[in-house]
Amino acid sequence: MKQDWRIYAKKADFNALAARFGIDPVLARIIRNRDVITEKEYEEYLFGTLDSVHSPETMMDIELGADIIASSIEAGESIRIVGDYDVDGVMSTCILFDALNRANARVSYTIPHRVNDGYGINEQIIQKAYEDGIDTILTCDNGIAAVSAIEKAVELGLTVVVTDHHEVQPVIPEADAIIDPHQDGDEYPYSDICGALVAYKFVQVLYDRMGMALGRYDYLEEVALATVCDVMPLLDENRIYVREGLKRLEVTEKVGLKALIKVQNLEGKKLTGYHLGFVLGPTINAAGKLGDATDAVELLLCENESEALKRAEAMKELNDSRKAMTEEGEQKAIEIIEKQLVSVDGEEVPKDDVLLIYIPDLHEGLAGIVAGRIRERYYRPTIIFTDTDKDPSILKGSGRSTDSYNMFEKINVHKDMLVKFGGHPLAAGLSIERDKLDEFRKILNDESGLTETDKIPKLMIDVPMPISYASMKLAEQISSLEPFGKGNESPLFAEKALEILGYKIFGQQNNAMKLKVRGSRGIVSEILYFRPQQFENDIKRWFGDDICDKIKNGVYTGCKLDIAYEVGINEYNGGRYLQLIMKTYDKS
């Protein structure tokens, strides 16, 4: 896919910063690209600790909410936690349930079912709580938009405390206390935190109110997992919590987490943000997507090792099934799109600006994942629709968008065509009558407003740097910038006009390759790439089949590529080696 390569142009005295902090000037430049400006910010970015995080007391209503829950505990009232079915909701629930249990509360929890309940607290959950004799509802990772459900709770005489982190809607529910850093007038200094961190901050204040002590490292594993999996920016205090949480995960004594780490063969390994976001997190998430997220909570709260291992193995199997089903759904979507490709400047691209694809029998919990993959592959706003169990005339859709297309605004104009709709600029959930789908597709494409430039992804290069400059020392320093993720992406380098000397495909499924190149300094380097089929297709398209065969056989052809790459470390058989990974490339 054609990409618009751009180099960060943020200025600073990189040599002075490098000398001040004992780092390579390349590292100083990378950090500045993350919007770190002052020396104090550099120091906190590099060396920040738990002593640097923000005090919870400035969060609006947090002391009021803590007083309410403390009073409920002291009065022996019954408290029900209402969480959510994603990783953040599961971790938030675990934090609150365990913390309240330690405070001798009469506490229970419930997690809405993705298919039967949908997102967040609803009137049925309120009614069930009332019938169960619950006195106080405590939400986590939801509640800020639950106006009607909380209105019902108030009518039934229940006390409601909301802890959430989502954007505040025009109408705020009439809860007894609302703890959400996005509220107008909230003085908490950093609002881009996950629901689990809001819950954690709440527990800190609650324990202080009750004269209890929260351990320095309590719940950091849960906060780290939730922060990464809910795609929060890995900046400010988020970065500190995730970095410290990763350290705790490596030595955790929590039985459920240990079992999860064991079944994923991560025991004794150095954990990174990748393991949270792409190994452990999806395994936890699979329960909510394909089954019941309560299973994930029960695993994480489990204290029996053999029972936890059985639960963890079952969740891994469920996630393996989820991955297979997702790949099948993605392939079906690709087949539909590739029947409608058109040629633009010699490249085959989708005909539509906005991709609306119906995939029969795809599990509705996987529609969003497939939409995200298709969006990434074609760089088009994508909505994947599938069938619903309750009504065959209704299709349920999940959308993922690009930065140039505000999906919420574009769809909201036509929400009268929909049965149900909600979302934000980059994602949406909706339901539509089956016979309206084609009309809806036409309207969204007619009104997309996307230019050809909007449909070309931007690739931000941290430093234009010869591959030969990469060293183990630089790789070690780059690894110190972990955790990588949103807002703190893995550094990306680029070199132009590298001569292609040959490549070799390997792996059980031929899904990896080593590319040999020679740079401007005449130094030969090897670089890994994990889409060999795509690489061969591009080489054939650019240079011809015969040239591709020659390159593969190590015959010099003079063909050159511009390459964007990452610098990392490969740990193998007890050794540590410099590893270069090609992320993308273009014809020079």
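Mentor: Of the contacts in the protein chain between residues at least 6 apart in sequence, 67% join residues at least 24 apart. The model is a predicted one. Its chain holds 20 helices and 20 strands, and 51% of the 588 residues count as buried. A compact globule of 588 residues would have a radius of gyration near 25 Å, and the chain agrees because its own value is 25 Å. Along the principal axes, the C-alpha trace spans about 80 × 60 × 50 Å. The accessible surface is about 26,800 Å², with 46% of that belonging to carbon and sulfur atoms.

Now the sheet. It is open and mixed in its pairing, with 5 strands in the order E9-E10-E11-E13-E12. Strand E9 (355-358) and strand E12 (418-424) are the edges, each pairing on one side only. Direction ignored, neighbouring strands are turned by 15° against each other on average.

Helix H14 (residues 305-338) touches E9 and E10, and its direction makes about 120° with that of E9. Helix H17 (residues 437-446) touches E9, E10, strand E11 (394-400), E12 and strand E13 (427-433). The direction of H17 makes about 165° with that of E9.

Technical notes: Residues numbered from 1 in each chain as written. Predicted model: local features only at pLDDT ≥ 70, side-chain atom pairs only at ≥ 80, totals over all residues. Heavy atoms only, no water. Pairing = 2+ DSSP bridges. Helix = DSSP H or I, 4+ residues; strand = E, 2+ residues; numbered from the N terminus. Axes fitted to C-alpha atoms, helices over the stretch in contact; angles between N-to-C directions. Contact = heavy atoms within 4.5 Å. Rg over C-alpha atoms; globule rule 2.2 N^0.38 Å. Buried < 20%, exposed > 50% of the residue type's maximum accessible area, 1.4 Å probe, protein only. Areas by Shrake-Rupley, 256 points an atom, 1.4 Å probe, with all protein chains shown as cover.
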